[in-house]
Amino acid sequence: MNLHHHQRFPRILFLSITLTTLCSLQFPIPTAAGKDRVPTPPLPVLPLPSFSQLKWQQRELIMFLHFGVNTFTDSEWGTGHESPSIFDPAGLNAGQWVSTAAAAGVSLVILTAKHHDGFCLWPSKYTDHSVASSPWKGGRGDVVRELVGAAEAHGGVDVGLYLSPWDRHDRRYGKNLEYNEYYMAQLQELLTKYGDVREIWFDGAKGSNAPNMSYDFADWFAMVKELQSSINLFSDAGPDVRWVGNEKGFAGTTSWSTINRTALSIGNDSIVDYLNTGDPRGTDWLPAECDVSIRTGWFWHKSQSPKKLSDLLEIYYNSVGRNCLLLLNVPPNTTGLISDSDVRRLRELRTAIDTIFTTNLATECPAKASSVRGGKGGGFGPENVLDKDHLWTYWAPSDRELGRGHYWIEINCGGPVKFNVVRVQEAIGLGQRIKRHEIYVDGEKIANGTTVGYKRLHRLEKGVVGGRRVRVKVLESRGVPLVSSFGLHYDPYWHSTWQ
């Protein structure tokens, strides 16, 4: 025993000497006393968006490309009996689609790889009802490949795909096991042979006389996530992006990114109002996508023209400006190009958006607030709402203010500023919070609303107003509100006859 004791003793002595030596060197070791005075960020309010959902939200405007045999038959819903021989877009140029999208500020384009008629725009080995049976490029064409290649060559534009569950051509449709296997086989083709797909679109559209068919959505979704984990799945029930409940491109005036997925089902008309507004008590982050076509129809028709710029701007304000993403359909024509009239209208829309929002009239104005988390210099001051970061820097009020009244943040521009649009954004990375808010100019209320979310745009009904002090008052919130960005903008296209 004594021998063992003496063997260990020198090691203990050496350790004590080493610690003594280290302490005498006087390294600048920070103390807890200084660090505990730095205010930490507030706790999130669940649920929260995933990384891919946040990236999706920041796109704001994306594009749908409805293209297929319907383009050549002047129809919206094909019968499934169309001959592949009619599909021959001799001048197809996916590079033109991508460059048109990029010029419009679009970073994601979604192609109808297969619509309800069952015709496949890629040479699927599971059916002969595809481009492989068409005269286009002698049966060796692949529209999906062309789009993916064009997007890769351009850079900055991602690809999404729509694969219609309803199939009016395939004889397996109506036979649950056989058709679900066929559908999953085609999903696997698309998600393993064409690189990264950023969004995949599912819907419940089906004619009243369609055969009874049970879709294995749960199995489809599981396989999609297995093959591409960063993809966003769109459907009436998510799981990543939900339908807004209409095809007008309008979200509800109240628009929550949160909802209860257990209350949702695909193809259920009774839930459209719930989809439109979301749920402040929702347990799932499932933001809404507003789909609408630039024309009356979804496929190209010679007799149709693009919507007026004023109509498209109204759609923008009621989708992107209501905490949603706008999916604008722009259908290629029979030549295989986006029509010149649509290209011009998209250019006008981009110019209008840039004209309105590139300049923030509040940027140089000092800001103050009802309170600040951690006090002045703590990193959560009202000046954060005027920087270039619209997501991760924000004004946070003091927790001590919770329940004591209204939160407010105010911009004081000194001299009068004229504007007709007010922009408010929340730090949604920490949850969606604001339930009710008001906007005041020099003490007079000029706008009010419920939710804010990623972005809320108030286009003032009275037209242009002028004032020095603009205050955002938060009347009701889930926890303390976190405002990430604020802007005053002038829209020359709004009530332009008044100027």
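Which residue in β15 is the bridge partner of His437? In the predicted model described here, that partner is Gly449. Local features were taken at pLDDT of at least 70 and side-chain atom pairs only at pLDDT 80 or more, whereas totals for chains, interfaces and linings use all residues. Residues are numbered from 1 along each chain as its sequence is written, and side-chain values use heavy atoms, with hydrogens and water left out.

Strands (E, at least two residues) and helices (H or I, at least four) are DSSP runs numbered from the N terminus; two strands pair if DSSP finds at least two bridges between them. Strands of a sheet pair through backbone hydrogen bonds, either parallel or antiparallel. Five strands form an open sheet in the order β11-β12-β17-β14-β15, with antiparallel pairing. Its edges are β11 (367–369) and β15 (444–449), each of which pairs on one side only.

Strand β14 (residues 434–441) runs antiparallel to β15 and is joined to it by five bridges. One of the residue pairs links Val441 with Glu444 of β15. The two strands form a hairpin with two residues between them, and Asp442 in the turn has a positive phi of about 50 degrees. Seven bridges join β14 to β17 (residues 465–477), again antiparallel, and Arg436 has Glu476 of β17 as its bridge partner. Six of the eight residues of β14 are buried, where buried means under 20% relative accessible area, exposed over 50%, and partly exposed in between (1.4 Å probe, protein chains only).

In helix α3 (residues 51–59), the buried residues are Ser52, Gln53, Leu54, Trp56, Gln57 and Arg59.
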